[in-house]
Structures are given as C-alpha cells and as structure tokens.
Amino acid sequence: MGDQEKSKVSSSSWFSNLCSAARRTKNISSSSSVSERGETLVRHLSLFQLILLGIGASIGAGIFVVTGTVARDAGPGVTISFVLSGTACVLNALCYAELASRFPAVVGGAYLYTYTAFNELTAFLVFTQLMLDYHIGAASIARSLANYLVTILEHIPVFKDKIPSWIGHGGQHFLGGVLSINILAPILLAFLTIILCQGVGTSSAVNSVMTGIKIVIVIIVIAVGAFEVDVSNWSPFAPNGVQAIVTGATVVFFAYVGFDAVANSAEEAKKPQRDLPIGIIGSLLICAILYIGVCLVITGMVPYKFLGEAAPLSEAFASKGLKFVSILISIGAVAGLATTLLVGLYVQSRLYLGLGRDGLLPSMFAKVHSTRHTPIHSQIWVGIVAGILAGLFNVRILSHILSVGSLTGYSVVSACVVMLRLKDKGTSQVFVRCLSNWQEGVICLLTVACAGFVTGLCYRFSLSLILVLVPVVIAILAAGALHFRQAYADPPGFSCPGVPILPSVCIFFNIFLFAQLHQEAWYRFVILSIISVGVYAFYGQYQARS
C-alpha cells in the first residue's frame, strides 16, 4: 500500500472516528462518579432563593428603559406585547422546568439536556453559542453598570463633570473606536467575582438583598405612578396597529431572558426536583407582572408620543414633579444591573464546570474548592474574560449579535423534551419504514424549525399572506406527525403539558424570532458553529468522558 493510499485510509478513519464520537450521548448515571470523588457543589439554595435568582437574572435596568422605548412604537398596546412575549417565555419555561426536574442532580442546563437527548457535538455547539452571549453580555452589562454609577456620582457637586470618560462614562476610544478603555467596569467585575468565589451562600445572600431592593423600587414606582395615570392616554390603545404590537413582542421577548439561570443551579438546590420547576416558572411570572405593571403606568402617565428615548420612565416622573422617584429608578437600575451581572457570571462558571467534568474543556474547569464548594477556577476565568472585554473594547456595538445563544438554547431544550419522551427508538411501522422513530422525530422538529425561520423571513420582509401561511401549514403538519405517529412516556417529576405540540410551538416561535435578528447575528451563528466543530474535532472528541 502506497503512502497516498495510507493517507486516504488514515483520513477516512479519522473522519469515521469523529462521526462516531460526535454521536455519543451522556449517561446521567455516570455522573455519580463525580459525587464519589467529592467534587460536587453544596446544596444551599432554597425555593425562595431560586426564585430571587431567576428574577435577579431577568430584570435589569431594561425594565426602566425598554418598556418606554417600545411604547413609542406600539403605544399603550406595549402591554399586550409584554403579555404575548411573556406567554411565549412561559411555554419555554415549562420545557425547562420538566428537564430541570428530570435531571436535578447535575449542573449543565441546556448543554446537559442536549448531551443526553441528542449527542455530544450538538451539546458542544449549544454551549459555545450560549457562552458567547454570556461573555459579551456580561461585558456590556458591566459597562452599563459603570456608566450608571458614574452618573449617580456626578449628582454630587464635587464630582460633577470631573470624572474622565476612561473611568467609566462610556470609555476613552482609540483606533477609531475599536479600543475603548474603561477602568471601572473590570473593577466591578473583579468585585463580583470575589463575591462569587466565596461560595453560593454569600453570592445568593448578595443577590437576594439586591433583588429585594430592585423589586421594592419597582413596586414603589408602580404604586406612585398609578396615582398619576390619566386613562385617556390609553386611547387609542394600538395607534400603529396589530403589527406594531407583534413587533414589540419580538423586541421585549429578550427582557424575560434569564429564567434559565435557575436550571443551572440544579446541583446547589436543596430540593431540586420540587423547587427547580417552581423557581423557573415562579420567577418568570413575577417578572411578567412587574413588566406589565410598569407598562400600564408609563403609558398612562404620559402620552406615548412624548415618551423619551434614553430614560423614558425617569422623564415621565420628572414631568410630574416626582424627581425623588427618578432617583429611586437610578438606584433600581444599579441594583438590577448588578444582580443580572452577578447571576450571569454564576451561570457561566457552572456551565464551564459541566464541560470540564465531561472532558470537553481542560480539567482545571472541573475543580471545586474543598471548603467553599464553588468552581473557583471557572469563576475566575469567566471574570477575567468579561473583564478584558469590558475594559478594552466597546462591546455595546456587538449587542446586535446577541440573543442567538438564548434562542438556540431555548429551541434545543424544547426539542429535548420531545426526544426524551419518545417511548422507544425502534423502526416506525407506518409510511416511513426506513427511519427509526427517533430519526423521524428529529426530522419533524427540524421541519418545524425551518418553517419558523421561513415564516420569520416572510414577516420581516412583509411578503404576502399566502407566502406566510405556507410554512405555517408545513409546521402544523410536522407537529401533527409528531403527535399522531409517536408515543410518549410520562417523565418523573414535573411534566410539561401538551407534548409534543407545546414544545413545537416554542421551537417555531423561537426560530421566528431568530429570523428577526440582525443579519450579522446569522453570520455569527454560522461562523461560531464552524469554529466549534473544529475545536471539537481536534480536541473535544479525544478528551470527552461521556
């Protein structure tokens, strides 16, 4: 055999091994070895703390800003926008709740569920998409927090107009804005990282206090604002029509993102099988109530046409002579950003811990401190990455490529619910005899996703109603095939209702939203996926311990 033939055989063997490794799935029972080595986290979080964790991750400064900015287009109908997006998020939360209850003993969230239901490579792809969102998001939030703190300091006469921009007010730009020096943002990240390294007890206590302050301020804002409401401002309710309300729903959907943080605390919850589903759904419902309350107040206080862009809620109260509420809003914004950042860093470290345990990342990420019971190496790493991004780059310009990870993760989690419920993976005996039930299920789910994307494109570019209806009908047929051609088992613990229809609706809507993202977000999805496959091919497949 010549050298050329040997090279072909070697390449063929390598590709065959890659395909074989990529199809590996995770056996959750194998995770028991983790506890035997004493590397588990400590179960400290109560149901109340889990709910506050979800609220802390979801409600940031956006509740004081996005409510007003969307209302400028949707009018008082922004309330319906939040109801629609909140309903969509509740459906996604039901899927998360079932899987969190099903796998209550191990960290990993969407990555873990994908590894169990699909395969190793898909799980790694989900992780990389989520992690890029988390890293850029953390850096962006840190810069916003630094900006808010500097703004508050400048209310003190001695600091007014004397704090240079490189401290924290936007940043000092170099090289045409590519570099943007900000000193305060990395300092804030270092401070929060130190808190997280003390253990989940300390970080949970800080989050509970800050989230409590934030909730109280939002309630005060709603209560005070209710007395300033003029119901005539709610008419017309939908001045720009139904489409503006639907478009608003696609925008404010991301205001709810964060409830999935509860699922990543599975290994630290006291009673995970009971508390995780309640924590996920409970935190989301509380967030929805607060958002809707703020929407009703802000659109009732000021006619939607006169709402400001930068700080609509603060300006609305200032116009009524209630400047003390504007100060409260600034404090609430700081508390909101701080808790969102704290929980975001917490979730990142737990995801790195899960991949370190599975061998898809270096073993240093799998180490848990013996007394503080927290993955310190992973926590320091995510703090360093966010600190570098926040301190040196104007990451806000990358905001339009965010949300890809969240939508991808939510869609895959919904698909996991369906695939893990399938009773058997034998051969389908009706119509399609060459496919297993599992393969047929995957094809149907992919069809729903593709139909959601095409529908989203048709809506985005205002194509005819017939073109919109065609992919919708295809998605309905695919979901119908899942319902009538497959059998599903009841899971242990919490059970998501309406399987497989409800998860199919989630997938369709999530990918519909994906189609509304900036085109650069699509490019980011493809490029990062290709890079991730390369990393897996040359590192992950050899190191993984499924």
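This is a predicted model: local features need pLDDT of at least 70, side-chain atom pairs count only at pLDDT 80 or more; totals for chains, interfaces and linings use all residues.
Modeller: Helices here are DSSP runs of at least four residues, of type H or I, numbered from the N terminus.

Biologist: Okay, and what kind of peptide bond joins Val499 and Pro500?

Modeller: A cis one, with omega at about 10 degrees. Ser235 and Pro236 are also joined by a cis peptide bond, and there omega is about 0 degrees. As for where to look, Pro236 is in the loop between helix H9 (200-226) and helix H10 (241-252).

Biologist: On to helix packing. At roughly what angle do the axes of H16 and H17 cross?

Modeller: Angles over 145 degrees count as roughly antiparallel. The axes of H16 (residues 437-460) and H17 (residues 465-485) cross at roughly 160 degrees and come within 8 Å, so the two helices are roughly antiparallel to each other. The crossing of H16 and H17 is left-handed.

Biologist: Which residues in H16 and H17 meet?

Modeller: From H16, the list includes Leu445, Val448, Ala451 and Val454. From H17, Val472, Ile474, Ala478 and Leu482 are among them. The residues of this H16 and H17 contact split into 16 nonpolar, three polar and two charged. Glu440 of H16 and Arg485 of H17 are also on the list.

Biologist: Now a loop question. Where does Ser462 lie?

Modeller: Ser462 sits in the loop between H16 and H17. Its phi is near 55 degrees, a positive value in a residue other than glycine.

Biologist: Which other serine has a positive phi?

Modeller: That's Ser403, at about 75 degrees. You'll find Ser403 in the loop between helix H14 (376-392) and helix H15 (404-421).

Biologist: Buried or exposed: how do I label Ser403 and Ser462?

Modeller: Under 20% relative accessible area means buried, and over 50% means exposed. Ser403 has 16%, so call it buried. Ser462 has 57%, so that one is exposed.

Biologist: And Ser81, buried or exposed?

Modeller: Its relative accessible area is 0%, so Ser81 is buried. Ser81 belongs to helix H5 (residues 78-102).

Biologist: What does the side chain of Ser81 reach?

Modeller: The backbone oxygen of Ile245, at 2.8 Å. Setting aside neighbours within four places in sequence, Ser81 is in contact with Ala74, Ile245, Gly248, Ala249 and Val252.

Key: Residues are numbered from 1 along each chain as its sequence is written. Side-chain values use heavy atoms; hydrogens and water are left out. Axes are lines fitted to C-alpha atoms, for helices over the stretch in contact, and angles run from 0 to 180 degrees between N-to-C directions. Angles under 35 degrees count as roughly parallel, over 145 as roughly antiparallel, 65 to 115 as roughly perpendicular and the rest as oblique. A crossing is left-handed if the near helix is turned anticlockwise from the far one by less than a right angle, and right-handed if clockwise. Contact means heavy atoms within 4.5 Å. Ala, Val, Leu, Ile, Met, Phe, Trp, Tyr, Cys and Pro count as nonpolar, Asp, Glu, Lys and Arg as charged, and the others, Gly among them, as polar. Buried means under 20% relative accessible area, exposed over 50%, partly exposed in between (1.4 Å probe, protein chains only). A polar contact is a pair of N or O atoms within 3.5 Å; within protein, one must be able to donate a hydrogen and the other to accept it, and residues adjacent in sequence count only if both atoms are side-chain atoms.
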